[in-house]
Amino acid sequence: MKRLLLTLLLVAAGSVQAQPARLRGYVLALHAYERFDPVGALLFGGARTLTLDLVRARLMPEARLPGGLRLQLAYELNLLYLWTPGLLEGEAPPPPRQLVDLSARLYHDRSTRIAHGIDRLSLRRSFDWGRIEMGRQRIAWGVGRLWTPVDFFNPLAPFEFDQLEKSGADALAVRYYLGLLSDLELVYNPERRGRWHNVAFRWRTHAGTYDLALVGAILRRRATVGLTAAGNLGTAGARAELLWEQNHAISLVLGLDHQFSPRWYGLVEYYRNGRGAARPEAYDWTALASGEAVQVGRDELALLLQYELHPLVQLQALHLRNLNDRSCYTGLQLTWLATQAVDLVLGGWLGEGDRLSEYGLLPDVLFLRGRVYF
């Protein structure tokens, strides 16, 4: 598979010379300060405070190849600098759902790490009856705004502030059109050098004002079946996901959002996490650190409000609450669209709860992030 992905990369390089290609992407600069409580410091690396600078260049060329093929590539170059030396000793775990590691370190010392890698690399061919895509790609099946347990391949936690893109999954995906608003998608996903061979399907259709889907999968030899629905409930948007996983409790997402006025937008979402635990001593922090889980709690509630201060300035508040241990994590974010190609974000997260609670262990964060698109 690694040879196949590298072959796709060579094809991409050749296509850029042979065919007109569209290059887009962005450069991101992030400065962040994090403060942990003593228990959280032991869990996340041993430092009470952490100041970091991150510069990321993400290049996303697209090219149309002969034979109706479309190639998509996302290459990232990251420079991470920690103001406290000695915290870069360990390796970051590779994202789940990837067969081979296509990243490498270019430089590494006690406070600096320069690394690069390929996050997306796929070939897509469209037909009258559907399409086939092979390689590292994004497969987004969930309908929830903040939590998407049905998203088997690219989950992302709602409190991430340094990772803006969902990681790609190595897969062969075939989509067959059953009608104007109905299709069937089949996915084969080998991961961890062939240790696991995951298969999944999604049948999607439309009824009334709702998009409906039935999903199923064998993920790491565990059966999974789920349903999703998204549509309108009066003047509000409504979304639901229901997922049964072998050896886990049922997961459920219920969400409503509404545009109250041209300036005000609000969202409420409830997440019953079948993989989570109701008691802090049973939280699976290892799964969270490895990317296998995006939450460790059982019952979660989110409230989000957005207010447009100016057509170019937006204020957002997001409150996450664990309904079992009663801890909470509150984020504020001020976004300024400086130009059509530049945005600046000043934000932060503040956790509250007992020392062993879900959000009480997460760090308080203050960050400034800028992105320049091209």
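Mentor: One term before we start. A strand here is a DSSP run of E, at least two residues long, and strands are numbered from the N terminus. The model is predicted.

Trainee: How much space lies in the second largest pocket, and which residues lie nearest its centre?

Mentor: The space is about 840 Å³. The lining has 32 residues. Nearest the centre are Leu156, Ala157, Pro158, Glu160 and Leu164. By class, the lining splits into 14 nonpolar, 9 polar and 9 charged residues.

Trainee: Now cavities. How many of 30 Å³ or more does the structure hold?

Mentor: Start with the general idea. Rolling a probe the size of a water molecule over the atoms shows where empty space is left. In this model, 1 cavity reaches 30 Å³ or more. The largest cavity has about 310 Å³ of space. Its lining counts 21 residues, and the closest to the centre are Pro149, Asp151, Pro155, Arg275 and Glu292.

Trainee: How do the residues of the lining of the largest cavity divide?

Mentor: There are 11 nonpolar, 5 polar and 5 charged residues in that lining.

Trainee: Next, Phe153. Is it buried or exposed?

Mentor: Compare its relative accessibility with the cut-off. Buried means under 20%. Phe153 has 2%, so it counts as buried. Phe153 lies in the loop between β6 (130–137) and β7 (169–179). Gly360 is 207 residues away along the chain, and the two C-alpha atoms are separated by 28 Å.

Trainee: On to the surface. Which residues form a nonpolar patch there?

Mentor: Leu23, Val27, Val55, Leu59, Leu79, Tyr81, Trp83, Val372 and Phe374. Together they have about 790 Å² of accessible area. The elements that give two or more residues to this patch are β1 (21–35), β2 (49–65) and β3 (69–82). Take Leu59 as an example. Leu59 sits in strand β2. Its relative accessibility is 32%, so Leu59 counts as partly exposed.

Trainee: Then salt bridges. How many does the structure hold?

Mentor: The general idea first. Side chains of opposite charge can pair when their charged atoms come close. This structure holds 21 salt bridges.

Trainee: Which residue forms a salt bridge with Arg56?

Mentor: Glu76 does, with the closest N and O atoms 3.6 Å apart. Glu76 lies in strand β3 and Arg56 in strand β2, so the pair ties together parts that are 20 residues apart in sequence. Glu76 is buried at 14% relative accessibility. Arg56 is buried at 10%.

Glu76 also meets Arg58 in a salt bridge, at 2.5 Å from N to O. Arg58 is in strand β2 and Glu76 in β3, so this pair joins parts that are 18 residues apart in sequence. Arg58 is buried, at 1% relative accessibility.

Trainee: And with which residue does Arg202 meet in a salt bridge?

Mentor: With Glu185, at 3.5 Å from N to O. Arg202 is in strand β9 (residues 196–207) and Glu185 in strand β8 (residues 182–191), 17 residues apart. Arg202 counts as buried, at 5% relative accessibility. Glu185 is buried too, with a relative accessible area of 5%.

Trainee: Which residues do salt bridges that share partners join into one network?

Mentor: Arg56, Arg58, Glu76, Asp119, Arg120 and Glu165.

Trainee: Last, the backbone. What is the phi of Arg97?

Mentor: The general idea comes first again. Most residues other than glycine have a negative phi. Arg97 is not a glycine, yet its phi is positive, about 70 degrees. Arg97 is found in the loop between β3 and β4 (103–108). Its relative accessible area is 7%, so Arg97 is buried.

Trainee: And where is Arg220 found?

Mentor: In the loop between β10 (210–219) and β11 (222–233). Phi of Arg220 is also positive, near 50 degrees. Arg220 has a relative accessible area of 21%, so it is partly exposed.

Conventions:
Residues are numbered from 1 along each chain as its sequence is written. This is a predicted model: local features need pLDDT of at least 70, side-chain atom pairs count only at pLDDT 80 or more; totals for chains, interfaces and linings use all residues. Side-chain values use heavy atoms; hydrogens and water are left out. Patches are made of residues with over 30% relative accessible area and no salt bridge: like charges are joined within 9 Å, nonpolar side chains (Val, Leu, Ile, Met, Phe, Trp, Tyr) within 5 Å. Accessible areas come from the Shrake-Rupley method with a 1.4 Å probe; for residues, only the protein chains shown count as cover. A salt bridge is a side-chain nitrogen of Lys or Arg within 4 Å of a carboxyl oxygen of Asp or Glu. Helices (H or I, at least four residues) and strands (E, at least two) are DSSP runs, numbered from the N terminus. Buried means under 20% relative accessible area, exposed over 50%, partly exposed in between (1.4 Å probe, protein chains only). On a 1 Å grid over the protein atoms alone, a cavity is a set of points where a 1.4 Å probe fits but cannot get out, and a pocket is an open set with protein on both sides within 12 Å along at least five of seven lines; lining residues have an atom within 4 Å of a point. Grid points are joined across faces, edges and corners, and a volume is the space filled by probe spheres set on the points. Ala, Val, Leu, Ile, Met, Phe, Trp, Tyr, Cys and Pro count as nonpolar, Asp, Glu, Lys and Arg as charged, and the others, Gly among them, as polar.
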